Structure formats: structure tokens, C-alpha cells
Amino acid sequence: MGNKKINLVLYICFLFSGIAGLVYEVLWARYLALIFGNTAYAHTLVLATFMGGLALGSLLLGAWADKVKDKLTFYAWIEIGIALFCFFTPQLFSFSKNIYLTAARDLSLNPLGIIVIKFIIGAIIMLPPTFLMGGTLPVLSKFMVRSFAERGKVIARLYYINSFGAFCGALLAGFYLIYHFGLEASITIAALVNLFVGVTVVFLRAYCEKVQPGMFARKESLLREEKNHFYEEEIFSNKVINIALTGIFLSGLAAMLYELVWIRLLSTILGSSTYSFSLMLAAFISGITIGSFLISKFMPRPKHTFIVFGLCQVCIGASLILSLPFYEKLPYLFILVAKVFVRRADTFALYSTAKFLLAFLVMIVPTIFFGMTLPLVSKIASRKLELLGSKVGSVFAANTAGNILGALITGLVLIPTVGLKHTLELGIIVNLSLGNIVLFSDKTFLLKRKVVFASACCVLFLGYKLAIPEWNKACFNKQLFRRSMDRESISSALADNAEEKEVLFYKDGLEASVAVIKSGEILSLYINGKADASTEDDMPTQILCAQLPLLLKPQTRDILTVGLGSGITCGSALLHPIKSLDVVEISSSVVQANKHFKEFNYDALNDKRLNLYLEDAKTFLQRGDKKYDLIISEPSNPWLSGVGFLFSKEFFEDCRSRLNDRGLMIQWVQAYETNDQIYEMILRTFSCVFPEVTVWNTSHLDTILIGSEEKMTLDIDESEKRIAQAPVQQDLSRIELADIYTLLSLQISSNENINKTVERKGLIHSDFFPILDYMAPLALYTSQRAEKYIIRIDERKFPLEKGDLFIKDYLKERKIGNQALNNFFKYADKKLIYNKNFVFSLIKRWHRDFPGNKEAILAYSSYNIDFLEKAISALEELISRDSSFEYLDQYASLQLQKYWIFKSYLLPEIYPQTIEKLKRCLSLSADKKAKFYYHLGKVCYGNQDYKEAIEYYSQARRQIESGEEDADSQGLNYIGLLNEISIAYLRQGDLNKSFEYAAKVTHLDKDNTLARSLIEVIQTRLEF
């Protein structure tokens, strides 16, 4: 096997090594976030530890490579060592979590002590494998460099191949591995990749030695011979080498500075989803890859190498100066790109590509020059081939050390202190200054040119500072990534630019960029460009997250709230005679922004009963031992990266462990920007932890889950007394909720109904299998809503005796009066618009019981409640003269439509009336009865009378199968009828019969999607 083929195999191996390395970085960050929390300090600590291991490995293993004789075998065992360490990291994480929690609970550590414990744990887990990873490039460089002259090109080639592997790893981890395999299996897959690389290299070494004995020994001999024949012009002085090493350190610092700022900035434009972060990371790495590839092809002559390094630094700064003025336009550039795509699941990949290209456009020029710097400095530093490993290792160690310092000062100091824009400008100063220092240090560069370059840099930067104003902060808080991008949405977005918006507060904080923006009289809190609280649409949920549980359980004393937001929930809770309210908020900037919501949250932060904790909620719950009567969790939308932790099974278990006996947990779940499958998965996850769960609908598609260990009992008299208290009444009046009847009418599902409707054998969102993080962004992109699922589980559409809603107990001793109906209509008219059928039934009941009431008449006419009645009356008159099938069929269809629109506990008579009308059609029809049997089955199914539904469906089936009637002539789909029977049996719990009918459908129509889905569901349940 020739050298070229050996090189090709090694390059491919190194590519896969790069893929695995980035996958580890992503996975370890997630694992350690579960232990240390999702705070900026925790992320920075993880990043610093990871890079510290790389730096140490580059330095020490690079030096060792110069001494080891069999470098290829050494490299192979490094890869195998990485695999062996990583195979056991999931177990190490589990063990370390127990150690950390024990230390944090029992040792009463101060913040510094906790940081030290975190560092020690992170080092124990990550240092061994990252130490080995850091040595791979220096060791392989030492083996593959076969002549002094080619060292720069070979190192550059290895660097770009490994960087391209990291690019692939970022996309692989972010888009596929974790979603499909979870954390532990993904780590195992990455470890298998390293093991494969190591074993391949071992076999390569053995094969080559067998085919050409002594070839590796001859290679070492050739290198020893060449060490005395290097070109004198390629020797760089100690001063130049030291400047280059210092420069690569500062360059690494600046690179990490830009990366952190770009990710924070672009997240406000592209959205902070897991996919977006993966794309931004991939865009950054792709520029590095291109730069190192270009320098491998066009490596400068030895005497120009140092100058080119300096010019790269100048070009990094200059390119950023020229691009910064356009950053405000990025949201609009994004909207122009995004509008090209029809928002369907099959275009999500193209949409993601567009997001990548936007990030790539922002980063490409500076990162290309960054990619050139490491190979250039490696060439400068490695002036002796026998010390190539140590010198290359020292270059990469210096650059990585710069990355570490850059991460620390950028994330923890610069961004919170001076903001994103000024942090970028400081990075520009570093690069321009570094570039000019390098140029002035080079003796071959003419003094005149040095002065011109330095002057041009100063003029360019000062001109930029004088000519370009501060960014308009409102531009980065438009949430364009949430818009559907149709023509109307684009027009709205562009018009929004002209609308006056006052930025009352803006802070690039440790955890997030936070803004408070006033539009008219409405205040909105934006976190990383996404509105998370407001004084308009969010008010019902913010208030009811506190008022609902405290009215249902007035004896509550100790409360924990996860997330401060606008503070409105806290303010509403503090209106009650509670003992303490602990608030866990991860972002100090959100706390600072809260002063602008004092008018709306009753200055909650200054209440002596409120205790504020700036910490990650998961670590707070795990480290503490205080018990609560009520825990309120108000996370943002689950498509946001990191928020999925607050919807996981493990988080709910942590909350349950901190509840007192008969304690309640409140979970805000948004049913918009999601879909039925995701919502059911969240409900399934929540209910697998809490034995008793109820679901409430606060406004439009905002819902609240209430979980408890025991069934909640309601003391209606106590609840009515509490809601009648002036402060509570005044607070609820802000959302037009006036009485306990309206409050109880917001419940849409009891625990009994959840147990019947939620498929137990299904997806669970877990910290270790975080599928919600990957499903939710797709639902956001396609503008989906869980509206159908919410309506499906809504028990209010059935007679009260069929369910277990709280309103059922309330109405046992009370009647629904005019004022109660009026109050409920005022709330439902504006806030429950997604479920218009329920509003229709409310109005019809109100007008029926109080026909003279002016408000009822107005509502009745404005909603055109009688739009069906006129058509039905006209058909009744026709049928009295001619009872042909055509008229009867249309009449039955209208009756069925009326039933679906008005069915609710408010109009229990609608069911028997519809049955009666359909039976009349059946009796009047002379020879076509199957269709009416089918309609009767549909109504019975809608009323959850599955046994009766099956009987009517079966009668329709027998009429058709006997040949007495023709399905097509009645507009009846026979296969659809069989599917309906299968579904009815499934709801009844007869899986065998359900399977029988679904199988019959597939026999007639093998591609029938519904039947195939039913068979899959039935088989899953039978296995369960």
C-alpha cells in the first residue's frame, strides 16, 4: 500500500474522529446541564473544562509524539482510549450527579464551594477523553509530515478534515442522533466511531508492515536525514515564534468572543431552538473548514508566512467593521429568504438550510481567516521536524487556551457589562491591534506599508464609530421566525417596522438578552427576541396560574414559582394570605426588567413574603428539601432550546418530591406552535408522574395542567368566599372573570377523561431522550396547533353525568342564572374563540333561559345562532309533503351538524332531540335506511355511547352487505363505515373486534392509512 493510500485512509479516519468529537461536546453539555443546571456559569464551566482537556492533550501528547517510535500505533491507541472512556460516561454522569447533590445538600457549601465541586466533577468526567482528543492532531501530524517543506500543508489538511468532521458532527447530533437515539445511545454510537477509527489504524499499521516490512522505520530514517537539510529561509526567530504563539492565543480568544456573540445575536433572528443552535455552530465551523482548506492549497512562501498571519488578523477585524452596519437588516433579510418556503414538514430541511446560509453569511469572512491562522502559526512554530509534535501541540494548546479565556470573559463579563455590539467591537480592536503588531514585527514588511496599514485600520474603525449609530434594539425583537411568512404576515412584519415601539429596557445579560418594549399601552417582555410575557394576551394565563389553584385550594400557604417573567403570577398569588412565595428565576436581567411591570404585578418583588433565587429550577429542586403546598411552573414554549428540561418526566418527578401531602403542581402548556402529538406527549409525561391530573383552558390555546398525588376535593363555599374578597375580585376583573362558575367552566378535562383519552403506550419526554426539543421546532415552523386535541379531550361537550368535572358538583346545588351566563359569555367571547361551538351552546342556553335579556339577544343575533334552524324548518315543511330520500338525507345531515355545533353540558337535550329526529328520518325512508343508521351511530359515538354506536353502525353494514341497499346511491362510504366500527370498538376497549374490522378494511384497501394506523395502535396496546 503506497503513501497516498495510507494517507487517504488516515484522512478518512480523522474525519470520523472529528465527527465523534463534536458529538461528544454536544452530549456532554446536555448531560452536565442536568447536573449543574442550564445557567451561563454552568455552560461556561463545561466549555472551559472541555477545552482545557483539549489544550492539555495538545501540549503533552504532542510532545510525547516526538519521543514515541511507533506514532501510528500511538495514534490508534489514543482513539481506542477515547472510545473506552466515553463508553462509560453515562454511568459516570449518573454517579457524579449523586455525589454533587449529596455534597450540595449536606456540606452547606457557599457559591465558590459549589463551583469547585462542579469543576472537579466536570474534570473527572471530561478531562481523560478530551486530553486524548487534544493529542490526535499533533500526533497524526508528526506521523504524516514526511518533509520539512510540506509541514504547513499537511497540518492545514488535517485541520480542515477534522473541522469538516466537526461540522458534520454538529449537524448529526443536532438533527438526528439525539432525536432518534437519545443521549446514552448517541454517546455509545460516537464511542463506536472512535473504536472503529482506532482498530482501523491498528490493522492499517499491521497490514502495511506485513506487505512492506520496515516501511515505517525507513520513514523515521528519512526524517532524521532531512532534519539537517531544512531550508534556512524557513527558520523563524524565537521572537517571531513567541509573537505568533501569543497571537494565536489572542486569536483564539477573539474567535470564541465572536462565536458567543453571534449565537446570542442570531438566536433573536432565527429563534433559539435546538436546531438553530446546531446550525449556527455548524456555520461557524464551516468557515474554519474553508479557511484551513484554502491555506492548505495556497500556503504562502516561508518568508511571507508571518505577514499573512498578520494580514489574516487585520482582515478579520476589517470584515467585521464592514458587516456590522448591516446587522440591523438581518431580520428583514431573513424574512425575504423565509417567505420562499411553504411551511410544510417536507420543506423544513430547506428552511433549515436557509437559516444556515444566513448564519454562514454573517460568519463566513471572519471565520475563513480564523481557519487560516492555526496552520500558519503551526508552520512558523515547527522549525525542527524532530520537535514537530510538541510545537504543533503548543500552537493548538495556545489557541485553545485563548478559547477558554474568551469564553470566560465574553460570557461572564463582557456581554453582561457592555452588551453584544460593544463586545464585538472589542473583538475587532483585538484583531486589528494584533494584526498590526505582527506586521510591525516583520522585518521584510516595508515601514511605509506598516504605517499605511495601521492608519487605514484606525481610520476604518474610527469612521465606523462616528458614522454608525447604536443598534435599534426593537429590530432584534420582532419574532419574525414565528410568523407564517405568507403575504399578509410579511406585510404585517414590514408595517411593524414603522410602528412606534418604545424600548423601556434592554440588557444583554448572562443568560439571555432581555427587553421590555411598549407598544401603545401594552408592555411585552422579550427574552432572546421572543415575547414571553405581556400585559395583554398573556394576562389570563399569568393571573390564573396563581388564582386558579389558590381558589380551588384556599388553605395553601407555601408556594414555589418556576420563572418570574413579568411577575404578574407572583403578584396575583400574594393577594392571598399565603406564608411564603419562593421564586426561581434563571436570568438576573429578567429581575431587573421587572421594575417596568410594577403597576401590573403589585410590586411583587418588594413583598416580604417573596424570596427570590437566581438559579436553574432543576438544580434548585434537586438540592433543596423545603416542601410546598403549590408549585407553579410557567416555562416558555418548548421549542426553545433548554426549555424542554422543564417539560421532562424527571423535572415533574423533582417537583412531585417537593410537594406536601395533597400539594398541587401547576404547569402552563401552550397549545399553539405545537401539535396534537406533542401536546398528548406532554400530557402523557405529566400524568405518568402525577396520578391525578386535570386540564384547564385559560385563553384561546393556553392551557394549565394541575397535578396531584390524590384526587383534589373542592370546597365550593370556601372558594366563593375567597373569590368575593376585594383584592382577588379586582385582580380577576382585569381578565373579566367575575365568579366561581366562570372559573370552574374553564376546566376541560378530568382525570377520568385523561385516563380514557391519553394513549399510555406512547412517547415520553425525558431528560435522556429529549424528543420534545426536536419535535416542537418543526411544529413552530409549520404553524401547527393542538386545537383538535384540546377539543377532543374537552368534556364540556358531554352531559355532566358522563364526566367528572368540578362544575358537576357545583351545579348539584346551584342553578345557572342569568348573571352567571352573562359573566361566562364575557370571558368566553374573547378568550375561548378557538372553541366557537362551545360559545354557541352557551349563547343558545342563555337566550333560551332568558329570552328577554338584552345582552343575550345581542349575543344571539351577533353570532347568528339560528343559521341552521331556518334551513331545518324549511326542510321539515318539504318533508311533510314529500318524504323522498333526497330531502330526508339533507335534513338528517343538518340535524347532525346542529348536534356537533351545540353539544355541551349546557344543552343536554340536544342528544335525545337529535336521536329522535334521525329515527323519524329512518321511519319515513322507504328503501334507503343504511345512511340514517350510520348517522345514528355517529351521534351515539359523539355522546360516548359506544355500544349503541356499534349497533347502529352494524345495522348499516348489514343493510349494505346483504345487498338490500347500495352504499354509493346513498353517498355512504362502506370502507369508511368499517373504519368507524373499528374505532368504536377501540374506544369501547374491545381490541380484538377493532382489529378484525381494521384488517377487513386493509383486505379491501391495502393502502388505507387510517386502518393501518388503527392496526398499529391495536398491536401496540396488545403488546402493552
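Me: What share of the 1024 residues of the chain counts as buried?

Reply: In this predicted model, 60% of the 1024 residues count as buried. As for the surface, the chain exposes about 40600 Å², and carbon and sulfur atoms supply 59% of that area.

Me: How many helices and strands are in the chain?

Reply: The chain has 40 helices and twelve strands. Among contacts with a separation of 6 or more, 78% come from residues 24 or more positions apart.

Me: Which radius of gyration would a compact globule with 1024 residues have, and what does the chain have?

Reply: A compact globule of 1024 residues would have a radius of gyration near 31 Å. The chain has 34 Å, which agrees. Along the principal axes, the C-alpha trace spans about 115 × 70 × 55 Å.

Me: What describes two packed helices?

Reply: Two packed helices are described by the angle between their axes and the distance between those axes. Take H31, residues 836–849, and H34, residues 885–902. Their axes come within 7 Å and cross at roughly 90°. Angles of 65 to 115 degrees count as roughly perpendicular, and H31 and H34 are therefore roughly perpendicular to each other.

Me: Which residues of H31 and H34 make the contact?

Reply: H31 contributes Asn 837, Phe 840, Ser 841 and Lys 844. From H34 come Trp 900, Ile 901 and Phe 902.

Me: How is the contact of H31 with H34 made up by class?

Reply: It has four nonpolar residues, two polar residues and one charged residue.

Methods
Residues are numbered from 1 along each chain as its sequence is written. This is a predicted model: local features need pLDDT of at least 70, side-chain atom pairs count only at pLDDT 80 or more; totals for chains, interfaces and linings use all residues. Side-chain values use heavy atoms; hydrogens and water are left out. Axes are lines fitted to C-alpha atoms, for helices over the stretch in contact, and angles run from 0 to 180 degrees between N-to-C directions. Helices (H or I, at least four residues) and strands (E, at least two) are DSSP runs, numbered from the N terminus. Angles under 35 degrees count as roughly parallel, over 145 as roughly antiparallel, 65 to 115 as roughly perpendicular and the rest as oblique. Contact means heavy atoms within 4.5 Å. Ala, Val, Leu, Ile, Met, Phe, Trp, Tyr, Cys and Pro count as nonpolar, Asp, Glu, Lys and Arg as charged, and the others, Gly among them, as polar. The radius of gyration is taken over C-alpha atoms; the globule rule is 2.2 Å times the number of residues to the power 0.38. Buried means under 20% relative accessible area, exposed over 50%, partly exposed in between (1.4 Å probe, protein chains only). Accessible areas come from the Shrake-Rupley method with a 1.4 Å probe; for residues, only the protein chains shown count as cover.
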